[in-house]
Amino acid sequence: MPQFTIRPARTDDVVGIQALIQPMVDQNILLGKGLVVLYEAVQEFVVAETPDGDLVGCGALHVLWRDLGEVRTIASSPAVRGQGVGHAMLERLMVDARELGLERLFCLTFETEFFGRHGFRAVDEQVVDTETYREMLHSPDAGTAEFLDLPWVKPNTLGNTRMILRL
Ligand SMILES: CC(=O)SCCNC(=O)CCNC(=O)[C@H](O)C(C)(C)COP(=O)(O)OP(=O)(O)OC[C@H]1O[C@@H](n2cnc3c(N)ncnc32)[C@H](O)[C@@H]1OP(=O)(O)O
């Protein structure tokens, strides 16, 4: 059973986060993120760290709208999978989401059982109204484009399931 703590990410973690997720980016499981994107998003991330200081997991909470957030880039190192690291990170992101005043959390994933165990349910329809959807089209963020299901990101999202959790 690994010992680990979950804490907010620091800028020093960013190179390690990129190294952790890169194999999953190569397998098209996660959306690839350049270092500058990760530095700019560092306050969105939590990491899981062992007592020796090894980074064994990461996960991010991105705000999409007043009541709506998205879990992004949640991953644990293959060596520690199935030992509660993913669960602990997701629980922390859910606490952070409630503190921010969010009411719903979205995710786009192949890991439907993992998210399902935490209360996420698959959705087919858009989860925002038409007016909000139109406003969100102004976002330059690639993840938001995936949320909006825009045609140019469809190759990235093939086979993924859209899921939502009411907090
Ligand atoms: C929105 C997005 O970010 S989508 C992308 C999601 N990430 C990926 O697809 C990347 C690849 N996958 C991963 O990195 C991991 O598999 C994750 C992040 C999905 C899950 O991380 P893990 O550290 O394995 O999670 P955790 O150990 O808490 O749970 C995994 C399973 O182990 C089991 N488990 C949990 N804790 C324990 C424990 N203490 N002892 C034994 N088994 C356990 C659970 O049954 C769980 O099963 P489930 O996935 O069906 O719910």
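## Starting with what "buried" means

A residue counts as buried when its relative accessible area is under 20%, as exposed when that area is over 50%, and as partly exposed in between. Phenylalanine 106, with 0% relative accessibility, is therefore buried. Keep that cut-off in mind, as it comes up again and again below. One more thing to know before going on: this is a predicted model.

## The overall picture

Let's zoom out for a moment. The protein has seven helices and seven strands.

How does the radius of gyration fit with a compact globule? For 167 residues, such a globule would have a radius of gyration near 15 Å, and the protein has 15 Å, so the two agree. Along the principal axes, the C-alpha atoms fill a box of roughly 50 × 30 × 30 Å. As for burial, 47% of the 167 residues are on the buried side of the cut-off.

In one of them, phenylalanine 106 and phenylalanine 147 have ring centres 4.8 Å apart and ring planes at 90 degrees, which makes the pair edge-to-face. Phenylalanine 106 belongs to strand E5 (residues 104-109) and phenylalanine 147 to helix H6 (residues 142-148), so this contact ties together parts that are 41 residues apart in sequence. Phenylalanine 147 has 0% relative accessibility, so this residue counts as buried, and phenylalanine 106, also at 0%, is buried too. Phenylalanine 147 has another neighbour as well: arginine 162 lies over the face of its ring, 5.8 Å from the ring centre.

A second pair joins phenylalanine 115 and phenylalanine 120, with centres 5.1 Å apart and planes at 80 degrees, so this pair is edge-to-face as well. Phenylalanine 115 has a relative accessible area of 3% and is buried, while phenylalanine 120 is buried at 1%. Together with Phe114, these two residues make up one aromatic cluster: Phe114, Phe115 and Phe120.

## Salt bridges

The structure holds seven salt bridges. Aspartate 13 and arginine 7 form one of them, with 2.9 Å from N to O. Are these two partners buried or exposed? Aspartate 13 is buried at 9% relative accessibility, and arginine 7 is buried with a relative accessible area of 12%.

Another bridge brings arginine 104 and aspartate 67 together at 3.3 Å, N to O. It links distant parts of the chain, with arginine 104 in strand E5 and aspartate 67 in the loop between strand E3 (55-63) and E4, 37 residues apart. Both arginine 104 and aspartate 67 are buried.

Then there is the bridge between aspartate 141 and arginine 72, at 2.8 Å from N to O. Aspartate 141 sits in the loop between helix H5 (130-136) and H6, and arginine 72 in strand E4, so the pair ties together parts that are 69 residues apart in sequence. Aspartate 141 is partly exposed at 23% relative accessibility, whereas arginine 72 is buried at 9%. Finally, bridges with shared partners join Arg7, Asp13 and Glu49 into one network.

## A nonpolar patch outside

Now to the surface. Which residues form a nonpolar patch there? They are Val15, Leu35 and Tyr39, and together they have about 250 Å² of accessible area. Tyrosine 39 is part of helix H2 (residues 35-40). With a relative accessible area of 38%, tyrosine 39 is partly exposed.

You'll find threonine 73 in strand E4 (residues 68-76), where it is buried at 8% relative accessibility.

Aspartate 149 also has a positive phi, near 65 degrees, and is likewise a residue other than glycine. Aspartate 149 is located in the loop between H6 and helix H7 (154-157). Its relative accessible area is 31%, so aspartate 149 counts as partly exposed.

Methods
Residues numbered from 1 in each chain as written. Predicted model: local features only at pLDDT ≥ 70, side-chain atom pairs only at ≥ 80, totals over all residues. Heavy atoms only, no water. Phe/Tyr/Trp six-rings, centres within 6.5 Å; stacked < 30°, edge-to-face > 60°. Helix = DSSP H or I, 4+ residues; strand = E, 2+ residues; numbered from the N terminus. Buried < 20%, exposed > 50% of the residue type's maximum accessible area, 1.4 Å probe, protein only. Lys NZ or Arg CZ within 6 Å of the ring centre and 35° of its normal. Patch = residues over 30% accessible without salt bridge, like charges linked within 9 Å, V, L, I, M, F, W, Y side chains within 5 Å. Areas by Shrake-Rupley, 256 points an atom, 1.4 Å probe, with all protein chains shown as cover. Salt bridge = Lys/Arg side-chain N within 4 Å of Asp/Glu carboxyl O. Rg over C-alpha atoms; globule rule 2.2 N^0.38 Å.
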